[in-house]
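Here are a few friendly notes to read alongside the model. Keep the 3D view open and find each residue as you go.

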Amino acid sequence: MRPLTPLAALAALAALSTVTACGGDADADGDPKATTQGKGTVTVRIPDPGNAGVLARGKKDGSLDKALAAVGAKVAWTGSAGPFAPAAQAMNADQLDIATGSITSGITSLSQSPGFAFFTATDPDPVGEGILVREGSDIASVRDLVGRKVAVNKGGTGEYLLLKALAEAGIPADKVERVYLRPDQTAAVFNAGQVDAWAVWSTYAVAEIGTGKARFLADGAAIGSDNYSLNAVRSGFAKEHPEIVEALYAYLHENSAKEKKDPAAYLNVFTDAGPTAVTGRARDVQIGFTGKGGTVDPIGPEDITRFKTVARFYADQKVTPAEVDIAAHLLDVEKLS
């Protein structure tokens with residue numbers, strides 16, 4: 001899932017900060033840490049998925065509730081899904097239990113006293129992320145970005161995609177001006193011509209390509225992206241409730257495979273109108289991207305190797321002050337309990 005919805009990072013954090021820090025309902029003795037082996041039901045705090053994706057459909061049809069009930073748990077939707085950085089802060093503050101983000105934003109968040117670990121991996125998106133340019137632009141190759149302005153989200157997917165594309169083309173990073181913007185604020189700047197390109201992922205790219213006024217200069221496959229999508233869990237929650245983490249993984253794995261086979265069924269889950277709906281050409285673009293995307297899987301040795309490559313690249317590019325030990329923050333979801 002590149003399942004981030006286009007909401008402001010600060011708004012997401014503000015919404016999450018209002019959630020109680022208690023990770024589980026109190027049992028008969030008033031113990032807020034009630035486990036599935038006790039009398040209480042454990043509450044799993046997850047950002048609201050919005051109008052699309054596996055969790056949205058699971059929320060609507062009750063299948064997620066059923067899967068969690070089998071291990072004595074229930075979900076509490078807290079705030080809205082958005083950029084990973086504020087979600088990581090919320091997990092560190094014991095205000096959130098589960099979140100989704102990219103390995104790139106994950107690495108930058110891990111460089112700051114993390115209280116979470118990753119337990120699933122979805123392969124890098126070959127077609128839904130990349131560097132957007134406007135139709136009619138004279139930018140025809142990555143080399144044409146020299147001397148231009150490119151919008152990126154600092155330390156996340158956008159900055160990674162730009163830096164990786166430049167490195168692959170043998171272009172020094174300082175030959176291109178990075179304009180740091182929140183993704184939800186970038187479309188207007190991009191369309192007004194205030195930047196020449198935008199390094200971005202499908203959550204935002206779909207709408208731009210769907211208008212027919214933008215195209216990818218280079219997509220994830222062309223860039224050679226190692227930008228996995230990952231699911232993270234608050235470390236304390238994983239330690240206390242491994243069986244719930246395993247059940248959530250099983251649900252995501254099974255249903256992400258279904259979504260890949262029938263992407264249309266996971267779009268416009270609650271409404272097919274309004275700002276959260278994907279319609280017209282954008283809907284076709286999203287269906288095409290999802291059909292070529294990956295599924296939610298356990299983290300394997302080959303994934304870890306690629307994660308380390310990204311961590312090393314970020315250190316080399318001075319995005320992080322040192323290479324983050326990503327392997328120290330990974331869980332084998334098939335061996336938690």
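1. Across the whole structure, which is a predicted model, a search turns up 13 salt bridges. Side chains of opposite charge can pair when their charged atoms come close.

2. Start with arginine 45 and aspartate 94, which form a salt bridge whose closest N and O atoms are 2.8 Å apart. This pair joins distant parts of the chain, 49 residues apart: arginine 45 sits in strand S1 (residues 42-48), and aspartate 94 in the loop between H4 and strand S3 (98-102). Arginine 45 counts as buried because its relative accessible area is 1%, under the 20% cut-off. Arg45 and Asp94 also belong to a network of salt bridges with Asp97 and Arg234.

3. Next, look at glutamate 159 and arginine 178, a salt bridge with its closest N and O atoms 2.8 Å apart. Here helix H6 is linked to strand S7, with the two residues 19 apart in the chain.

4. Arginine 182 is partly exposed at 26% relative accessible area, and aspartate 184 is partly exposed at 28%.

5. Finally, visit the second largest pocket, with about 610 Å³ of space. Among its 32 lining residues, Ala85, Thr108, Lys154, Gly155 and Gly156 are the closest to its centre. Which element gives the most to this lining? H4 does, with six residues. Several H4 residues are buried, including Phe84 and Met91.

Definitions and conventions. Residues numbered from 1 in each chain as written. Predicted model: local features only at pLDDT ≥ 70, side-chain atom pairs only at ≥ 80, totals over all residues. Heavy atoms only, no water. 1 Å grid on protein atoms, 1.4 Å probe; cavity = no way out; pocket = protein on both sides within 12 Å on 5 of 7 lines; lining within 4 Å. Points joined across faces, edges and corners; volume = space filled by probe spheres on them. Helix = DSSP H or I, 4+ residues; strand = E, 2+ residues; numbered from the N terminus. Buried < 20%, exposed > 50% of the residue type's maximum accessible area, 1.4 Å probe, protein only. Salt bridge = Lys/Arg side-chain N within 4 Å of Asp/Glu carboxyl O.
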